[in-house]
Amino acid sequence: MLKRILILSASVGNGHTVAAESLKKAFEIKKLAREIRHEDVLKFTNPLFRRLYGKAYIDLVNNMPEVLGWMYDQLDEPWKNEKRRLFFDKLNTQPFVKMVREYGPDCIVCTHFLPSEIVSDLKAKQKLTCPQAIVVTDLDMHALWLCRNYEHYFVALDETRAYLESLGFPADKITVSGIPIDPIFSESKSKVAMREKYGLDPKIPTVILSLGGFGVGRIDTLLDALVSIRRPVQVLAMCGKNAELKKRLDSVKNADRNVRIIAVGYTKAMDEYMSASDLIVGKPGGLTTCEALAKGLVFVIVNPIPGQEERNSDHLLENGAAIRSNNPVTLGYKIEQLLSDPERLNVMRRNALNFARPQAAFDIADKLVKIIPT
């Protein structure tokens, strides 16, 4: 058993913090450490840097995704601008450094590249001696994740391991674990039981519509496309914390339609809604993708963010676990075609389950306990 584990994320989007919380939960369930602490590194920076790192990213996603894609490609060169970036980050993260050194962890686990490069610099200067593990939270690996001073990498794919090995990273310091998701997604739950629990027809195909990241106009376009489906379908429109959107969708009349829209607000039961479903429509972010795969959902990719989500899309398509709708107008048609071919749908569902790694959080926790000296 380890004494103190410090898990570090950055609230740039939601995936990095969810991965960190999933790891924390896995350590707690298996009782592998006496104390597990999760911190968002951006809490220990100044407001301007926090806005630049977090808010600016979300603004680009929503308003200029093509710029984000360009930046992603420009920065995806190993060790490019490493010293300049590190100098800028160090200027703005002194409270974070102070917190880490005062806490004195036995092991640091990073689910974002910002804290990993700061910790790496501290280790290089012998200001910190504890081991560092880096957990990459996308299927593909961007060059920003590359780190010089670390003890272990956890990556999603064999292809990513091959990429690291091609750069000279030792094979014995890389584990293909998958991306850590909440351990609850590894629990098997009856599709029929979950549909009955949430008032759904157990005999009708169910589609999750993941609305996070879509603007109002795009949401309306997606809904218009879905209601054009000419066979019975029930759509779980996941509104998250957008109460106004849920209220609007609650007012949609479902009578005389093949497609029933059910608005779902913020929920902690996403694993149960996914267990009730057959397909998921949305953007393939790293965590959402892995949760969906764990439940055997076929992904219907719509408007992926250029960069990491485009690459996630490629891997889903290569593994036969997804279809992609490049034109929202034909989204309903593509879903209808897939639902009308049960054999194809079952093959894709099996592909999703074969691609999934629902135990990733547990596997990472077990591996860390073995390789980190106590």
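A cavity is a set of grid points where a 1.4 Å probe fits but cannot get out, and its lining residues are those with an atom within 4 Å of a point. The exercises below apply this to a predicted model.

**Exercise 1.** Determine which residues line the second largest cavity, and how the lining divides by class.

*Solution.* Begin with the space itself, which for the second largest cavity comes to about 50 Å³. Next, collect the lining, which consists of L75, E77, W79, K80, R85, A143, L144 and L146. Finally, sort these residues by class, which gives five nonpolar, no polar and three charged residues.

**Exercise 2.** State how many cavities of 30 Å³ or more the structure holds, and describe the lining of the largest cavity.

*Solution.* The structure holds two cavities that reach 30 Å³ or more. In the largest cavity there is about 90 Å³ of space, and its lining is made up of L139, A156, L157, G178, I179, I181, C290, L293, F355, A356, R357 and P358. Sorted by class, this lining has ten nonpolar residues, one polar residue and one charged residue.

**Exercise 3.** Identify the helices that each supply at least two residues to the lining of the second largest pocket.

*Solution.* A pocket, unlike a cavity, is an open set of points, and the second largest pocket has a volume of about 210 Å³. Its lining comprises E82, K83, R85, L86, E117, S120, D121, A124, L146, C147, R148 and N149.

Conventions
Residues numbered from 1 in each chain as written. Predicted model: local features only at pLDDT ≥ 70, side-chain atom pairs only at ≥ 80, totals over all residues. Heavy atoms only, no water. 1 Å grid on protein atoms, 1.4 Å probe; cavity = no way out; pocket = protein on both sides within 12 Å on 5 of 7 lines; lining within 4 Å. Points joined across faces, edges and corners; volume = space filled by probe spheres on them. Nonpolar A, V, L, I, M, F, W, Y, C, P; charged D, E, K, R; others polar. Helix = DSSP H or I, 4+ residues; strand = E, 2+ residues; numbered from the N terminus.
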